[in-house]
Amino acid sequence: MSFDPLGDLEQVRRGFRWGETRPSTWAPAAPAVPEPATDLAWARTEPALTARKLIQRGVSMPFTELMARPHVSGREWLDQLDRSAIIVSNHVSHADTQLLLYALTDRVRERTVVSAADDYWYQEHPWVGRMVSLWLNTFPFSRTGKPQTVLANSGMFLQSGWHLLIYAEGTRSPDGRMGPFRPGVGYLATQNRAPVVPIHLRGTDRIMARGRSIPMPAPARVRIGKPLVAAPKEDYRAFTRRIEDAVRTLAQGPPDDAVRGTWVERWRASSPGARGRR
Amino acid sequence: MSRPGAVVEIDRTMPPVLFHHGEGVRLERLPVGSRVIYGPDPLPGLPHPQRAIRRALSHPIEDDPLPSLLRAGMKLTIAVDDLSLPLPPMAAPDVRQLVLQEVLELAAEAGVEDVHLIIATGLHRRMTADEIRHAVGDRVFSTFYPERLYNHDAEDPEGNVHIGVTEKGEEVTLNRRAAESDLVIYVNLTLVPMDGGHKSMATGLASYRGIRQHHNVKTLLGSRSYMHPPDSDLHHSCIRQGQLIEDAVRVFHIETTVNNHSFPSIANFMQKRETDWTASDQAAFLAVKQVTDLAPTHIKRQVFHSMRAPYALTSVRAGQVDAVHEKTLESVREQLTVEVEGQTDIVTIGVPYIGPYNVFAPMNPVLVVCTGLGYLFNLYRGRPVVREGGVAILSHPCRYEFDSVQHPSYIDFYDEVLADTTDPHQIEQRYEERFATDPWYRQLFRKSHAYHGVHPFYAWYWAAHAMQHLGDVIIVGGDRDTVHRLGFKCATRLEDALEMAEQTVGRHPSISHLRLPPLLLADVR
């Protein structure tokens with residue numbers, strides 16, 4: 001018997017997830033992403049994971065509930081994920097990430113890393129960036145060159161069992177309208193054969209508009225769509241367009257069945273039996 | 001086996017008897033020789049509800065198994081009862097959720113894509129999203145709400161269709177989506193014998209034009225009681241309408257019953273007979289009594305309305321409406337019936353905090369009348385518990401208190417109509433049409449969460465039979481001005497009320513106390 005308090009802590013934390021089916025067949029906890037540590041690997045070690053969980057449960061989630069009274073639909077699709085996925089959303093405000101994490105299920109949230117602009121968060125405000133990494137599990141995502149390194153690092157997350165949350169527009173919308181998606185998201189998905197979960201957020205611009213630093217209460221809505229999978233020979237640019245279309249469709253309500261799935265598909269996705277079988 | 005209902009005669013050894021009193025309770029000592037009528041204890045629930053539901057769907061009564069009726073490409077509508085059933089609302093999972101899950105499982109298996117779920121509100125208020133979620137469960141809610149799971153809109157000119165006219169000249173209307181479906185599945189919960197059967201579709205999915213055919217003074221006066229369908233003109237009319245609906249659209253009816261376990265363990269003393277109260281029940285009563293005496297009304301209301309009943313499913317049947325309903329009524333009677341020998345001069349009733357039309361709202365004075373003299377008085381079969389010309393003594397605070405969101409037309413009904421007359425016939429002739437067609441009430445009914453403009457009239461008509469039958473009505477503990485506006489007498493204490501009643505029924509009257517809820521059905525011989 002070795003003295004391993006962190007291991008014990010992890011065991012207990014993972015073992016006692018009350019009220020939820022234990023994710024016994026979920027991909028085993030991957031080791032922290034190896035060196036080079038440019039992606040802030042410490043943010044995915046056990047003490048940071050536990051601290052983040054406490055911060056999320058104790059502060060962030062109740063605060064989000066209070067500020068946004070979020071209306072979330074389509075959560076059942078997250079229960080259906082059987083491998084690492086790329087979560088793609090529109091981006092209008094700094095409040096988006098917290099709202100998205102709120103909308104995810106516990107199981108997915110704990111295994112999700114968030115892409116954060118390297119130049120904005122980690123080069124201009126390095127300490128703020130580190131705090132945000134601890135709080136939201138972000139990693140630096142370069143918007144200014146080094147695309148191969150960025151894509152390779154991101155791919156490693158997917159291969160290590162992490163979900164990747166990406167804002168495919170690359171930046172917050174200046175006026176609330178959704179901009180074109182960058183093709184990197186399609187490339188990542190096709191290269192790693194990862195499903196893409198399209199999500200549309202509405203209302204966060206009223207909580208914290210671009211340029212504001214104090215959040216204000218306002219209702220928000222999160223629509224989660226049916227995961228998309230690239231066709232065998234689908235070009236990554238075409239797949240990116242498909243993802244963008246899906247998010248745009250979610251923006252217009254009510255979403256059609258092609259994006260969010262037919263009721264039969266959603267019904268099966270939300271079946272407790274389906275979760276157990278996975 | 002659960003204990004049957006009982007009629008207990010008060011002697012000197014009997015403990016005082018519990019009276020519900022709005023959002024409060026009181027213990028009263030009835031004169032020696034009075035009788036207390038208790039309903040049967042809760043029947044045991046089905047051990048495997050989901051298995052029972054599946055069995056009912058695959059072995060229906062006088063109908064084909066549900067799986068054989070479902071096919072890809074069909075248009076399927078599932079209607080469910082609204083929040084007026086059961087009372088108090090059921091602790092999760094609600095029976096509607098259990099049944100819907102099984103039905104939808106079959107529909108998904110058959111590949112039926114075009115499915116709509118409609119809350120059969122009739123002229124009741126629209127249910128809120130949270131209320132719908134509670135009734136149907138998270139899974140059904142997140143799959144269908146809001147596009148394919150919604151409230152019936154009885155005032156939508158495009159959303160309702162005229163089905164025809166019965167042989168007695170009664171107009172029949174139906175929700176358009178239901179009327180144009182290949183199959184309508186109705187999921188019902190029958191709490192008392194009045195519910196279910198053809199009445200489910202004929203009122204739940206109808207418009208004012210259809211509902212007014214039987215919700216009128218003449219029909220309700222001819223329903224003695226509407227808790228016993230064979231003697232009820234209301235039900236005869238609904239059956240005629242329902243048969244016409246069955247000719248127009250294929251209906252598969254599912255009926256469920258629950259036991260009368262109406263209160264959670266914290267309020268166990270309300271469920272039990274006083275003779276069974278343990279020390280902890282007594283302590284609980286004392287605590288509740290002190291708190292309800294002291295606490296502000298809105299806090300008491302919040303606490304009472306947050307109670308969820310731990311009902312258990314006692315039966316589930318599916319198939320053809322009449323055949324199913326006949327069996328369902330047997331189950332309901334088994335749970336509720338208590339045999340009572342003869343009538344008495346006086347009946348006393350503690351009116352509780354909740355009735356079918358004030359879920360999450362105060363019970364306004366009109367609804368006190370509707371609940372006390374409409375529903376509770378009518379919980380009989382054969383003859384009323386009180387003789388003709390007798391006195392009903394109700395216990396309720398009966399405050400001038402209305403929920404402006406849910407009951408806007410009730411306020412005007414009380415202020416304007418009752419100030420003029422309390423006679424149901426005159427009220428119907430002079431005022432009903434105006435309230436029923438008022439555009440502002442219609443707007444609130446369709447877009448907010450208000451009851452239909454005509455609803456206070458129906459609540460009043462509901463009590464018409466009791467008002468005609470009784471020689472006097474006395475409300476104990478009520479607000480004096482309000483009770484007088486209702487046309488009744490007011491007493492501060494039960495003893496005073498009994499003395500006042502003697503002026504109507506003579507000295508040394510016989511007295512029955514209906515100890516409810518939990519609900520019972522007095523079979524008076």
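Trainee: In which loop of chain B is B:S225 found?

Mentor: A helix here is a DSSP run of H or I with at least four residues, a strand is a run of E with at least two, and both are numbered from the N terminus. B:S225 is found in the loop between helix 9 (217-221) and helix 10 (233-248) of chain B. A cis peptide bond joins B:R224 to B:S225, with omega about 0°. Before going on, note that this is a predicted model, in which local features need pLDDT of at least 70, side-chain atom pairs count only at pLDDT 80 or more, and totals for chains, interfaces and linings use all residues. Residues are numbered from 1 along each chain as its sequence is written, while chains are lettered from A and ligands numbered from 1 in the order in which they are written.

Trainee: Which residues does the cis peptide bond with omega of about -15° join?

Mentor: That bond joins B:L87 and B:P88. B:P88 lies in the loop between strand 5 (75-81) and helix 3 of chain B.

Trainee: What is phi of A:R193, and where is A:R193 found?

Mentor: A:R193 is not a glycine, yet its phi is positive, about 50°. The residue sits in the loop between helix 9 (184-192) and strand 6 (196-202) of chain A. B:H508 also has a positive phi, near 50°, and is a residue other than glycine. B:H508 belongs to the loop between helix 22 (494-505) and strand 19 (511-515) of chain B.

Trainee: Is A:R193 buried or exposed?

Mentor: The count of other C-beta atoms within 10 Å decides: 20 or more is buried, 12 or fewer is exposed, and anything in between is partly exposed, with C-beta atoms placed from the backbone. A:R193 has 12 such atoms, so it is exposed. B:H508 has 9 C-beta neighbours inside 10 Å and therefore counts as exposed. B:P397 is buried, because 22 other C-beta atoms lie within 10 Å.

Trainee: Which residues is B:P397 in contact with, leaving aside its neighbours within four places in sequence?

Mentor: Contact means that the C-beta atoms of two residues, placed from the backbone, lie within 7 Å. On that basis B:P397 is in contact with B:H21, B:G22, B:G477, B:G478 and B:D479. Its place is the loop between strand 16 (386-395) and helix 16 (408-420) of chain B.

Trainee: How many residues does the largest nonpolar core have?

Mentor: A nonpolar core is a set of buried Ala, Val, Leu, Ile, Met, Phe, Trp, Tyr and Cys residues joined through C-beta atoms within 7 Å. The largest one has 170 residues, and B:I78, B:A392 and B:I474 have the most contacts inside it. Helix 15 (residues 365-376) of chain B gives the largest share of this core, eight residues. A second, separate core has 59 residues, including A:I87 and A:V113.

Trainee: How is the packing of two helices described?

Mentor: It is described by the angle between their axes and the distance between the axes. Axes are lines fitted to C-alpha atoms, for helices over the stretch in contact, and angles run from 0 to 180 degrees between N-to-C directions. Helix 15 and helix 19 (residues 455-462) of chain B pack at about 35°, with axes 8 Å apart. Among the residues that meet are B:V366 and B:L367 in helix 15 of chain B, and B:P456 and B:A459 in helix 19 of chain B.

Trainee: What is the order of the open sheet of three strands in chain B?

Mentor: Strands pair if DSSP finds at least two bridges between them. The order is 13-20-15, with parallel pairing. Strand 13 (337-340) and strand 15 (380-381) of chain B stand at the edges with a single partner strand each, so one side of each has no neighbour in the sheet. Four bridges join strand 13 to strand 20 (residues 521-524) of chain B. B:T337 stands opposite B:L521 in strand 20 of chain B.

Trainee: How many residues does each chain give to the contact between chain B and chain A?

Mentor: The contact takes 11 residues from chain B and 11 residues from chain A. On the side of chain B, helix 5 of chain B gives the most, with four residues.
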